[in-house]
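Have the sequence and the 3D view open, and follow along section by section.

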Amino acid sequence: MTNRAMAVRTSGRPGKVTTLGLGLLLPGTVLILWQTLGHYGMISEMLFPTPYTIAESFVSLAVSGDLWPNFRISLVRALSGFLLGGGLGLLLGILVGLFRRSEKLLDPSLQMIRMIPSLAVVPLFILWFGIGEESKVLLIAKGAFFPLYINTFMGIRGVDNKLFEVSRVLGFSRFKQVVRLVLPAALPNIILGVRLSLGLSWLGLVVAELIASTSGIGYMMSDARQFADTPVVFVGIIIFAIAGLVSDSVVRYIERRLLRWQDNYRG
């Protein structure tokens, strides 16, 4: 492709600074409006503390040493649940996607389990595993399992059957078909499943820590709620939001690296 064609193709795309500015426009406007309304007493300081008050609470928690140990505990729980649930979801998604018999054997039971709300199994997990780390990690894993399982299954079943015919002509073994053909073709769906699973891992973490926990960001928020310390609750919400955004951005960066061969519409 010539330089002129490349210039025409990329001329309509915003630069990194412009993209960053557009991304910050909405939250920046909301923060300024929020601070203004709170400063002039137009909204309740008790229910909606100003961004400045929330920032003061964040600094206070960070300096006191209460914030980072709790965040590390929450991070380990979320990643452990994601690795356990997402890993199993990926493996079973490949198994069910490749083999029709596995689908008939496993998929109906898994779909039935998927319909059970996470809150419904919390009492059962507490009875089985207590209020220790096992119940929290397993609750997070339950939420992380199904997005990867479903997207892996759909990605494999969406692979063009003609590619399998070509691989048979080339004499590929079953293992080589999976590694060289199936997984690369299903990779966009798998990465989408990873993003969804990570998001649900953070959601499951909030549920686990708010219900029964003595540490973590969710516990810190629950403890603050009992003492009507609303700024600390907002600090916890913002931390969860930022952690989720960062983890999703990391996966999106990996996605761009792995799927550079795709020529997708960029808007």
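Predicted model: local features only at pLDDT ≥ 70, side-chain atom pairs only at ≥ 80, totals over all residues.

## Surface

Accessible areas here come from the Shrake-Rupley method with a 1.4 Å probe. On that basis, the accessible surface of this protein comes to about 16,700 Å², and 69% of that surface belongs to carbon and sulfur atoms. Buried residues account for 35% of the 267 residues.

The protein has a mean pLDDT of 85, with 92% of its residues at 70 or more. Confidence is highest in helix 4 (residues 67-98), where the mean is 93, and lowest in helix 1 (residues 3-10), where the mean is 46. Across residues 4-11 the pLDDT is below 50, and this stretch makes 3 contacts in the model beyond near neighbours in sequence.

## Overall architecture

What is the protein built from, helices or strands? There are 11 helices and 0 strands, so the protein, with a radius of gyration of 23 Å against the 18 Å that the globule rule gives for 267 residues, is more spread out than a compact globule. Its C-alpha atoms fill a box of roughly 75 × 65 × 30 Å along the principal axes.

Contacts also reach across the sequence. Of those between residues at least 6 apart, 72% join residues at least 24 apart.

## Helix 7

Helix 7 runs over residues 133-157, which makes 25 residues. From its first C-alpha to its last it reaches 36 Å, close to the 36 Å expected at 1.5 Å a residue. Helix 7 is also mostly covered, with 19 of its 25 residues buried.

## Asn70

Now zoom in on Asn70, which sits in helix 4. Is Asn70 buried or exposed? Its relative accessibility is 15%, and because buried means under 20%, Asn70 counts as buried.

Which residues does Asn70 touch, leaving aside neighbours within four places in sequence? They are Ser215, Gly216, Ile217 and Met220. With Gly216 there is a polar pairing: a polar atom of the Asn70 side chain lies 3.0 Å from the backbone nitrogen of Gly216.

## Ala228

One more stop is Ala228, in the loop between helix 10 (217-226) and helix 11 (230-258). Most residues other than glycine have a negative phi. The phi of Ala228, in contrast, is positive, near 55°. Ala228 counts as partly exposed, at 39% relative accessibility.

Conventions:
Residues numbered from 1 in each chain as written. Heavy atoms only, no water. pLDDT = per-residue confidence, 0-100. Helix = DSSP H or I, 4+ residues; strand = E, 2+ residues; numbered from the N terminus. Contact = heavy atoms within 4.5 Å. Buried < 20%, exposed > 50% of the residue type's maximum accessible area, 1.4 Å probe, protein only. Polar contact = N/O pair within 3.5 Å; in protein donor to acceptor, adjacent residues only side chain to side chain. Expected span 1.5 Å × (residues − 1). Rg over C-alpha atoms; globule rule 2.2 N^0.38 Å.
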